[in-house]
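This briefing goes through one structure topic by topic. Please look over the sequence and the model before reading on.

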Amino acid sequence: MDAITQNLDLFWSGFLRSLTLCLWGAVGSLIVGTIIAICRVAPVAPLRTFGTAWVTIIRNCPLTVVLFMFAFGLPEIGVNADYFAFGLAALIIYTSAFVCEGLRSGINSVSAGQAEAARAIGLTFTQSLTQIVLPQAFRTSIPPVGSVIIAMMKNSAVVGAFGVGRDLFSVSESLTSAQGYAALPVLTGVALGYLLITLPAGLGLGVLERRVAIAR
Amino acid sequence: MSSSSVLYDAPGPRARRRAAVSGAIATLVVLMLMGLVVKRLADQGQFAGNLWDPILDPSDESFPLVWRLIGQGVLATLTAAVLAITFSLVIGGVVGVARMMLGSRQRMPIVGLIELLRGLPVVITIYFASRVLPELGVDLSGMPGGAGLWFLVIGLTAYNCVIIAEIIRAGVSSLPGGQREAALAVGLTPGATMRLVLLPQAVRVMLPALISQLVVILKDTSLAAVLGLYTELLRQGNLIALNLKNPIQILSVVAVIFILINYSLSRLATWAEQRSVRKAQSKRIKRVPGEFG
């Protein structure tokens with residue numbers, strides 16, 4: 001266990017770096033995912049086509065391919081950024097498709113009578129969406145979107161493995177490869193770090209679910 | 001709400017005009033964005049023949065080699081996926097059934113293992129396998145396909161078998177309780193109840209979730225490229241791109257191949273889901289939600 005106790009500060013900074021990646025990723029993918037979800041239910045056909053294409057393409061493409069596209073493809077057309085930005089962008093784009101599907105399943109679960117009532121009292125599309133349907137849809141969407149976000153936190157390790165630098169995964173790599181520590185204790189430390197992010201997130205999600213649960 | 005059209009009225013003449021106008025604007029915006037991307041690509045010379053010829057022009061000297069390498073990559077990806085899927089299904093089935101059949105005390109270690117592995121990123125379990133197994137003296141270099149393939153398969157199996165165990169458990173617990181009670185009442189042993197009555201019905205309910213998990217496994221084989229373990233499709237593509245200096249073009253081909261394979265698998269899942277929804281409506285069986293990877 002020396003590998004962990006001697007490098008506690010390294011693990012701690014790696015943990016914070018991973019946490020940062022997770023938090024920005026969660027915020028970004030929720031925003032982008034919501035926009036795509038609105039496109040997918042919009043009354044404007046081209047927007048629906050755009051949303052459907054986005055989801056179909058990105059859901060079926062591995063995160064690693066998206067990541068390689070960003071990191072190796074974008075510099076070719078003159079877009080340069082550090083790997084952290086590329087990794088974060090790829091993570092957000094990839095997760096947004098799944099967030100969109102989670103939200104859409106929520107919108108589909110709002111009973112038709114709600115939207116019909118909203119229309120009957122004369123609300124427009126925007127009004128009935130923002131005031132009647134989405135507030136209910138968000139509640140139903142919490143379990144699926146929450147598990148998407150937790151999966152995204154685990155996927156952030158892929159971005160780390162790709163070489164964002166100084167996150168939990170990079171710590172394990174530099175300790176085992178460069179400094180020659182045994183892999184088992186180091187990786188146990190890294191695993192604990194990720195569990196420290198995903199398990200509380202899962203518990204928090206459970207609490208949130210019970211809080212906003214509505215009887216239908 | 002079954003279709004999004006409930007959100008807005010059947011359009012009248014004014015709404016239809018408005019929809020046409022906003023539709024035209026939206027089309028224009030989307031096209032403009034695409035145009036910007038295309039222009040950027042063109043400005044940077046990404047449509048130049050020397051970048052695309054090795055992929056598109058059969059008379060190019062690299063053409064046969066590029067496609068042979070890509071073919072090998074596809075084969076390597078499918079090999080890893082099939083192995084990981086088979087092991088995950090078998091081990092996951094055993095773990096899932098064991099969790100359901102053991103008493104609450106005896107299943108503690110299994111529940112612990114499931115929760116632990118579910119909380120870990122799959123890239124970590126693969127990395128773990130590739131680093132810790134050699135340290136423990138496990139030598140896989142003699143296995144067919146090389147050690148990298150087996151590290152990938154072991155890492156993928158470790159993660160996905162517990163997911164599949166949970167899908168199976170959810171499938172069985174979605175069945176009406178009377179099924180199990182009736183089977184036990186007619187004198188079947190618990191094992192026979194599971195094998196003959198519960199599992200065959202549960203498989204139908206959980207088929208869509210299982211198929212989407214298979215898509216996840218197939219996508220996750222490309223993690224080997226990030227770790228540099230095994231030359232599957234993505235790593236093969238990356239190696240080609242390093243030689244030909246055309247990452248955008250080769251990666252597009254890789255992406256299209258992945259999308260085609262996964263999209264057909266997803267269609268299969270949707271088809272199975274529609275079938276199970278029809279059955280579920282007649283039998284009032286809850287569906288099992290899928291997992292995302």
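**A helix pair in chain A**

In α8(A), L168(A), F169(A), V171(A), S172(A), L175(A) and T176(A) meet A183(A), V186(A), L187(A), V190(A), G193(A) and Y194(A) of α9(A). Two residues are in contact if their C-beta atoms, placed from the backbone, lie within 7 Å. Helices (H or I, at least four residues) and strands (E, at least two) are DSSP runs, numbered from the N terminus. The model is predicted: local features need pLDDT of at least 70 and side-chain atom pairs count only at pLDDT 80 or more, while totals for chains, interfaces and linings use all residues. Residues are numbered from 1 along each chain as its sequence is written, and chains are lettered from A and ligands numbered from 1 in the order in which they are written.

- The contact of α8(A) with α9(A) divides into nine nonpolar, three polar and no charged residues (Ala, Val, Leu, Ile, Met, Phe, Trp, Tyr, Cys and Pro count as nonpolar, Asp, Glu, Lys and Arg as charged, and the others, Gly among them, as polar).
- The axes of α8(A), residues 168–178, and α9(A) come within 10 Å and cross at roughly 170 degrees (axes are lines fitted to C-alpha atoms, for helices over the stretch in contact, and angles run from 0 to 180 degrees between N-to-C directions).
- α8(A) and α9(A) are therefore roughly antiparallel to each other (angles over 145 degrees count as such).

**Where chain A touches chain B**

- In chain A, 54 residues are in contact with 47 residues of chain B.
- Helices that each supply at least two residues of this side of chain A include α3 (45–59), α5 (83–109) and α9 (183–212).
- α7(A) gives the most to this side, with 13 residues.
- The residues on this side of chain A comprise 38 nonpolar, twelve polar and four charged.

**Chain B overall**

- Chain B has eleven helices and zero strands.
- The C-alpha atoms of chain B fill a box of roughly 75 × 70 × 30 Å along the principal axes.
- Of the 293 residues of chain B, 36% count as buried (20 or more other C-beta atoms, placed from the backbone, lie within 10 Å of the residue's own).

**The largest nonpolar core**

- Among the 129 residues of this core, V65(A), V66(A), V158(A), V123(B), I126(B) and L152(B) touch the most other members (a nonpolar core is a set of buried Ala, Val, Leu, Ile, Met, Phe, Trp, Tyr and Cys residues joined through C-beta atoms within 7 Å).
- Helix α6 of chain B, residues 146–173, gives the largest share of this core, 17 residues.
- Not counting residues up to four places away in sequence, V123(B) touches A157(A), V158(A), A161(A), L223(B) and V226(B).

Conventions:
Angles under 35 degrees count as roughly parallel, over 145 as roughly antiparallel, 65 to 115 as roughly perpendicular and the rest as oblique. A residue is buried if 20 or more other C-beta atoms lie within 10 Å of its own, exposed if 12 or fewer, and partly exposed in between; C-beta atoms are placed from the backbone.
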